[in-house]
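Me: I have a model open here and would like to talk it through before setting anything up. Could you walk me through it?

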Amino acid sequence: AGGSFTNSGNKIRKFFSRWNGTSWDSIDFATGNCSVQKLAVYNGEIYIGGGFIKAGAIPVKNIARYNGTQWDSLQNGTNNIVYAMAVYNNELYVGGSFDTAGGIQANRIAKWNGTNWSNVGSGMNNSVRALETYNGKLYAGGSFTQADGNLANYVAVWDGSNWSSVGGGTNSFVDVLF
C-alpha cells in the first residue's frame with residue numbers, strides 16, 4: 001500500500017507498507033513530506049512513484065526500486081512527480097509532470113529498461129496521470145492536449161513508435177484508464 005498515510009494498523013509506517021495476509025509489515029521508506037502515487041512490479045521488483053526524495057537511507061527523486069531488501073534510485077529518477085507506471089513491451093513506462101528522467105529529456109513520459117532511461121517520442125505538453133496497456137498498445141491519459149506535437153485531447157495511444165490521438169480524445173483531464 002502506498003499513499004500519504006503515516007500509520008498502517010496501529011503503528012507508524014510512513015507512506016508505504018506491506019500487508020502479509022495477517023498484519024502490516026513495515027518497510028523503511030521515507031521521512032518528511034511524501035506522496036506515493038503509483039506502485040508497479042517490473043522484473044520481479046517493486047517500483048514506487050510519487051513525490052519524494054528518499055527511499056530508506058538512499059536519496060532518490062520521485063521514483064525508486066525495491067528488490068525486497070534494498071532501494072535503488074534509478075539513475076537519479078525524475079525531476080518532478082511520477083503519477084503513473086505500466087509495463088509495455090518488457091519496459092517500465094513512467095508518466096508524470098517531469099521533463100527529465102535520469103538526466104535525459106523526457107517530456108512527461110519516459111521508459112526504463114531495467115538499466116537506463118529513454119524518452120518516448122517527444123512526449124506530451126502537460127502531465128501524464130494514467131498509463132494502461134490494451135490490445136498490444138500503451139494508452140496514456142492526463143492533462144495534456146498534445147502527444148508528439150500532435151493533437152491528443154487528454155488521451156493518446158503509443159504503438160511502439162508513435163503517439164496518436166484516440167478518437168478525438170475527451171473534453172477534460174483523464175486521470176484513470178482501465
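Me: What are we looking at, and what is the secondary structure of the protein?
Reply: This is a predicted model, and the secondary structure of the protein comes to zero helices and 22 strands.

Me: How much of it is buried, and what does the accessible surface come to?
Reply: Of the 178 residues in the protein, 44% are buried. The accessible surface is about 8700 Å², and carbon and sulfur atoms account for 44% of that area.

Me: And the contacts, what share join residues at least 24 apart?
Reply: If you take the contacts between residues at least 6 apart in sequence, 30% of them join residues at least 24 apart.

Me: Let's go to the sheet with β11 in it. What is the strand order?
Reply: The order is β11-β12-β15-β16, four strands that make an open sheet with antiparallel pairing. At the edges are β11 (82–88) and β16 (117–119), each of which pairs on one side only. From one strand to the next, the twist averages 30 degrees.

Me: How many bridges are there between β12 and β15?
Reply: There are four bridges between β12, which covers residues 91–96, and β15, which covers residues 109–112, and the two strands pair in the antiparallel sense. If you want a residue pair to click on, Gly95 has Ile109 in β15 as its bridge partner.

Me: Changing topic: which residues of β21 are buried, and on which side?
Reply: Strand β21 spans residues 155–158 and is covered on both faces, with Val155 and Val157 buried on one side and Ala156 and Trp158 buried on the other. As background, side chains in a regular strand alternate between the two faces of the sheet.

Me: Which strands does β21 have bridges to?
Reply: Strand β18 (residues 137–142) is joined to β21 by four bridges and runs antiparallel to it, and in that pairing Gly141 has Val155 as its bridge partner. Three bridges also join β21 to strand β22 (residues 163–165), again in an antiparallel arrangement, where Trp158 stands opposite Trp163.

Me: What about the hairpin of β21 and β22, which residue there takes a positive phi?
Reply: That is Gly160, with a phi near 105 degrees, in a hairpin that has four residues between the strands.

Me: Now electrostatics. How many salt bridges does the structure hold?
Reply: The structure holds four salt bridges. One of them is between Glu45 and Arg65, where the closest N and O atoms are 3.6 Å apart. That pair links distant parts of the chain, since Glu45 belongs to strand β6 (residues 45–51) and Arg65 to strand β9 (residues 63–66), 20 residues apart.

Me: Which residues are linked in a network with Arg65?
Reply: Glu45, Arg65 and Asp72 are linked in a network of salt bridges, with the side chains of Asp72 and Arg65 meeting at 2.7 Å, N to O.

How values were computed: Residues numbered from 1 in each chain as written. Predicted model: local features only at pLDDT ≥ 70, side-chain atom pairs only at ≥ 80, totals over all residues. Heavy atoms only, no water. Pairing = 2+ DSSP bridges. Axes fitted to C-alpha atoms, helices over the stretch in contact; angles between N-to-C directions. Buried < 20%, exposed > 50% of the residue type's maximum accessible area, 1.4 Å probe, protein only. Contact = heavy atoms within 4.5 Å. Areas by Shrake-Rupley, 256 points an atom, 1.4 Å probe, with all protein chains shown as cover.
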